[in-house]
Amino acid sequence: MKNKYNDNKLAEELDLIVLTNDTLAKSGLPQGSLGTLTYSYTGKDRPLYGEFAFADGSKREEKLALDSFRVLDIRSAGDLSLVKEFLRRNLCKKA
């Protein structure tokens, strides 16, 4: 059964996402970066957009391809551990 966790075309605005490749690494967003989907799929090969927060407190919105992220399911232990590890790494940078 298709859902937003296995089909990015069904992702919704404000979903928590993780980058699944390094296409945005030059922008400071390597694979594994967490963000929030701000514009969902509209068809016709239009890009999606995600907002990402940086350790210095700044935020930036970036174009996303359908295959560059996946929606996190925080009810899943595996996805929850990704969020926990991301927060631990980034909070340690601020301290």
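Me: Does Asn-3 count as buried, partly exposed or exposed, and what is its relative accessibility?
Reply: The model is a predicted one, and Asn-3 lies in the segment before strand E1, which spans 16–19. Buried would require under 20% relative accessible area and exposed would require over 50%. The value for Asn-3 falls between these cut-offs, so the residue counts as partly exposed, at 27% relative accessibility.

Me: What does Asp-73 touch, not counting residues up to four places away in sequence?
Reply: Asp-73 sits in the loop between E5 and helix H1, the helix covering 77–94. With a relative accessible area of 17%, Asp-73 falls under the 20% cut-off and is therefore buried. Once residues up to four places away in sequence are set aside, Asp-73 touches Tyr-5 and Asp-79.

Me: In what order do the elements of the chain run from the N terminus on?
Reply: The chain contains one helix and five strands. Read from the N terminus on, these elements follow the order β-β-β-β-β-α.

Me: Which residues make up the largest nonpolar core?
Reply: In soluble globular proteins, nonpolar side chains tend to be buried together. Apart from it lies another core, of five residues, among them Val-18, Leu-34, Leu-72 and Phe-86. The largest core itself has twelve residues, namely Ala-11, Ile-17, Leu-19, Leu-24, Leu-29, Leu-37, Leu-48, Phe-52, Phe-54, Leu-64, Phe-69 and Val-71.

Me: Leaving aside its neighbours within four places in sequence, which residues is Phe-52 in contact with?
Reply: Phe-52 belongs to the largest nonpolar core. Leaving aside neighbours within four places in sequence, the contacts of Phe-52 are Ile-17, Leu-19, Leu-29, Ser-33, Leu-34, Gly-35, Ser-58, Lys-59, Arg-60, Glu-62 and Leu-64.

Me: Is the pair formed by the rings of Tyr-39 and Tyr-49 stacked or edge-to-face?
Reply: The count comes to one aromatic pair, and the rings of Tyr-39 and Tyr-49 have centres 5.6 Å apart and planes at 80°, which is over the 60 degrees needed, so the pair is edge-to-face. The pair links distant parts of the chain, with Tyr-39 in strand E2 (residues 34–39) and Tyr-49 in strand E3 (residues 48–53), ten residues apart. Both tyrosines are partly exposed, Tyr-39 with a relative accessible area of 46% and Tyr-49 with one of 25%. The arrangement asked for is edge-to-face.

Me: What is the phi of Leu-14, and is the residue buried or exposed?
Reply: Leu-14 has its place in the segment before E1, and its phi is positive, at about 80°, although the residue is not a glycine. Its relative accessible area of 70% is over the 50% cut-off, so Leu-14 is exposed.

Me: What radius of gyration does the chain have?
Reply: The C-alpha atoms fill a box of roughly 45 × 30 × 20 Å, taken along the principal axes. For 95 residues, a compact globule would have a radius of gyration near 12 Å, and the chain agrees with this, at 13 Å.

Note on methods: Residues numbered from 1 in each chain as written. Heavy atoms only, no water. Helix = DSSP H or I, 4+ residues; strand = E, 2+ residues; numbered from the N terminus. Buried < 20%, exposed > 50% of the residue type's maximum accessible area, 1.4 Å probe, protein only. Phe/Tyr/Trp six-rings, centres within 6.5 Å; stacked < 30°, edge-to-face > 60°. Core = buried A, V, L, I, M, F, W, Y, C linked by side-chain atoms within 4.5 Å. Contact = heavy atoms within 4.5 Å. Rg over C-alpha atoms; globule rule 2.2 N^0.38 Å.
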